[in-house]
Amino acid sequence: MKSTAEITNRFREVILNGTWIANTNYKDQLQNLDWKIAVTPVKNINTISLLAQHVHYYISGINSVFKGGSLDIKDKFSFDFAPIHSQGEWQAFLTKFWNSAEEFASFVEEMPNEKLDQIFVNEKYGTYKRNIEAMIEHSYYHLGQIVLIKKLLTE
């Protein structure tokens, strides 16, 4: 069984500071990215901005549960965001993203290991461990897309 400390490190690695798996992370890819690149579409695929907001949507939704609230996120709304129109709006979103990611990591880090095997909200969603690991895997999936889109737009 993986401890909460190990899972926390994996989560921080993909979002905030790691390079072991993908040799990059969200913060590395997005922190200094011009908002115009972030919102530029490539054919019919999602923009970098939409992908980052999508991942943040799920992190925030799980944070709500960690705080004792309900699970209110829905897949059908996971790409519905107001457009970003400036570097200031982009930076404000990124600050919110990093803060939510650190909050998520702190919740997991402080969680007793036994909680990992408990049901997350409803039995159909599986355990806390399953949902936390799914968040990590989901984040890597979209990180790969972001890296490719960024290369297409900047090279």
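Guide: Let us begin with Glu103, which counts as partly exposed at 29% relative accessibility. The model is a predicted one, in which local features need pLDDT of at least 70, side-chain atom pairs count only at pLDDT 80 or more, and totals for chains, interfaces and linings use all residues. Residues are numbered from 1 along each chain as its sequence is written, and side-chain values use heavy atoms, with hydrogens and water left out.

Visitor: Why is Glu103 called partly exposed?

Guide: Buried means under 20% relative accessible area and exposed means over 50%, with partly exposed in between (1.4 Å probe, protein chains only). Glu103 has 29% and therefore counts as partly exposed. Lys67, with 54%, is exposed.

Visitor: What makes the pair of Glu103 and Lys67 a salt bridge?

Guide: The term requires a side-chain nitrogen of Lys or Arg within 4 Å of a carboxyl oxygen of Asp or Glu. For Glu103 and Lys67 the N to O distance is 3.2 Å, so the pair meets the definition. Glu103 lies in helix α5 and Lys67 in the loop between α4 (48-66) and α5, so the pair ties together parts that are 36 residues apart in sequence. Helices here are DSSP runs (H or I, at least four residues), numbered from the N terminus.

Visitor: How many salt bridges does this rule give?

Guide: The count comes to four. One of them joins the side chains of Glu102 and Arg12, at 2.5 Å from N to O. Because Glu102 is in helix α5 (residues 87-110) and Arg12 in helix α1, this pair ties together parts 90 residues apart in sequence. Arg12, Glu102 and Glu109 are linked in a network of salt bridges.

Visitor: Is Arg12 buried or exposed?

Guide: Arg12 has a relative accessible area of 13% and is therefore buried.

Visitor: Which elements cover the buried residues of α1?

Guide: The cover includes α2 (26-30), α4, α5 and α6. Among the buried residues of α1 are Ile7, Phe11, Arg12 and Ile15.

Visitor: Why is the crossing of α4 and α5 called left-handed?

Guide: A crossing is left-handed if the near helix is turned anticlockwise from the far one by less than a right angle, and right-handed if clockwise. The angle between α4 and α5 is about 40°, with their axes 9 Å apart, and the crossing is assigned as left-handed. Axes are lines fitted to C-alpha atoms, for helices over the stretch in contact, and angles run from 0 to 180 degrees between N-to-C directions.

Visitor: What does Ser49 touch, leaving aside its neighbours within four places in sequence?

Guide: Ser49 is in contact (heavy atoms within 4.5 Å) with Ala38, Val39, Ile84 and Trp90. Ser49 belongs to helix α4, and at 3% relative accessible area it is buried.

Visitor: What makes a set of residues a nonpolar core?

Guide: Such a core is a set of buried Ala, Val, Leu, Ile, Met, Phe, Trp, Tyr and Cys residues joined through side-chain atoms within 4.5 Å. The largest one has 45 residues, and those with the most contacts inside it are Ile15, Tyr26, Leu30, Trp90, Phe97 and Ile132. Its largest share, 10 residues, comes from α4.

Conventions:
Helices (H or I, at least four residues) and strands (E, at least two) are DSSP runs, numbered from the N terminus.
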